[in-house]
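Hi,

Here is the structure I promised to pass on.

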Amino acid sequence: GRVLFLDKLRYSSHCFLDIRLLLHPVLPDGRLTKLRPQIQDTIDLLGFQFEVVDVQECEAELPDNGVLVNGLFLEGCRWSSKDKVLAESLSKILYSKLPILWLKPGRRDEFVAGSTYTCPVYKTSARRGTLSTTGHSTNYVMSVQLPIPETKPAIHWINRGVALLCQLDD
């Protein structure tokens, strides 16, 4: 099981990850380094574009490249599968599960621009940690761009304290 999974991670152009594997800060950059020859560009020009996909889409067909991440939770909002954007939380619901997040590698200057919110990803809901030698909090993982409705700008989601969490406190 574990050896086959690691083989798939090493030799395939895509893989399906549990979020716990994303907790190591080297993994996203490592995937970009591995995919660099396929894109044929310098690593400095590469980045990830993010897309939220439903489980049914992933079961039907795996993407050609990138990383599929499962197990993230939204705090301060929910995901609207119908509109494919962030939406207001339902009453008395603090956390909601984000469907699968697809990290698509590519050239940053070729990414499609749209209305997005730069959403921080934290290991826990504490949103604090000690500063590591890289200058980042030990609780911070990365930031992802999530689509938002045209009627609610990014500042709306900032004021709501929207974040993605890798694990819940309970």
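Which residue is the bridge partner of Tyr122 in S11? That partner is Leu165. Before the rest, some housekeeping: this is a predicted model, where local features need pLDDT of at least 70 and side-chain atom pairs count only at pLDDT 80 or more, while totals for chains, interfaces and linings use all residues. Residues are numbered from 1 along each chain as its sequence is written, and side-chain values use heavy atoms, with hydrogens and water left out.

On to the sheet. Strands here are DSSP runs of E with at least two residues, numbered from the N terminus, and two of them pair if DSSP finds at least two bridges between them. Five strands form an open sheet in the order S7-S4-S11-S9-S10, with mixed pairing. S7 (95–97) and S10 are the edge strands; each has a single partner strand, so one side of each lacks a neighbour in the sheet. On average, neighbouring strands are turned by 30° against each other, direction ignored (axes are lines fitted to C-alpha atoms, and angles run from 0 to 180 degrees between N-to-C directions).

S9 pairs with S11 (residues 163–165) in the parallel sense over two bridges, and with S10 in the antiparallel sense over seven bridges. Tyr122 has a bridge partner in S10 too, namely Tyr140. Leu165 also stands opposite Phe73; S4 (residues 73–75) and S11 run antiparallel and are joined by three bridges. Five of the seven residues of S9 are buried (under 20% relative accessible area, with exposed over 50% and partly exposed in between, 1.4 Å probe, protein chains only).

Next, have a look at Ser125, in the loop between S9 (116–122) and S10 (140–147). Ser125 is buried, at a relative accessible area of 17%. Its side chain makes a polar contact with the side chain of Asp169 at 2.4 Å (N or O atoms within 3.5 Å, one able to donate a hydrogen and the other to accept it; residues adjacent in sequence count only if both atoms are side-chain atoms). Setting aside residues up to four places away in sequence, Ser125 touches Tyr95, Leu165, Gln167 and Asp169, contact being heavy atoms within 4.5 Å.

Finally, the largest nonpolar core has 25 residues, and Leu86 and Val144 are among those with the most contacts inside it (buried Ala, Val, Leu, Ile, Met, Phe, Trp, Tyr and Cys joined through side-chain atoms within 4.5 Å). S10 gives the largest share, four residues.

Cheers
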